[in-house]
Amino acid sequence: VQLQASGGGLVQAGGSLRLSCTASGRSLGSYATGWFRQAPGKERYVVTAIHWSGDSTYYADSVKGRFTISRDNAKNTVYLQMNSLKPEDTAVYYCAAGVGSGRTPSDYDYWGQGAQVTVSS
């Protein structure tokens, strides 16, 4: 599975961005899919994830109520809608897919290249 992330950029605090992650090679419907982020000098951690069935989602406390993960099986694409962005959301965002349902990077087998999100105050 190859993952291609897009949609990062610079936005002011309070603004919105939508990230996209398009897969090729296999259907994303066969995998759990997550969005991770990594700020400079910090570890990569999961922001949100969706079960392969699409029936359940997970959100880190820091983004609950502001971020939404969704999947379009027809386009083989997972989205991350980010609203009410804060400067602390600034990071490189990675999409990932895996056969498990964990919340750590080691639970995911395939990774996109990362998209920079910068939120100015």
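This is a predicted model: local features need pLDDT of at least 70, side-chain atom pairs count only at pLDDT 80 or more; totals for chains, interfaces and linings use all residues.
**A note on the salt bridges**

1. The side chain of D61 pairs with that of K64 in a salt bridge, with 3.2 Å from N to O.

2. How many salt bridges does the structure hold? There are three, and the pairing of K64 with D61 is one of them.

3. Now have a look at R66, whose side chain meets that of D89 in a salt bridge (2.7 Å, N to O). This pair links distant parts of the chain: R66 lies in the loop between β6 (57-59) and β7 (67-72), while D89 lies in the loop between β8 and β9, 23 residues apart. R66 is buried, because its relative accessible area is 10% and the cut-off for buried is under 20%.

4. Which residue does D89 also meet, at 2.9 Å from N to O? The partner is R37, and the two side chains form a salt bridge.

5. Is D89 buried or exposed? D89 has 0% relative accessibility, so D89 counts as buried. R37 has 5% relative accessibility and therefore counts as buried too.

6. To put the pieces together, follow D89 in the structure above: R37, R66 and D89 are linked in a network of salt bridges. D89 takes part in the pairing with R37 and in the pairing with R66.

Definitions and conventions. Residues are numbered from 1 along each chain as its sequence is written. Side-chain values use heavy atoms; hydrogens and water are left out. A salt bridge is a side-chain nitrogen of Lys or Arg within 4 Å of a carboxyl oxygen of Asp or Glu. Buried means under 20% relative accessible area, exposed over 50%, partly exposed in between (1.4 Å probe, protein chains only). Helices (H or I, at least four residues) and strands (E, at least two) are DSSP runs, numbered from the N terminus.
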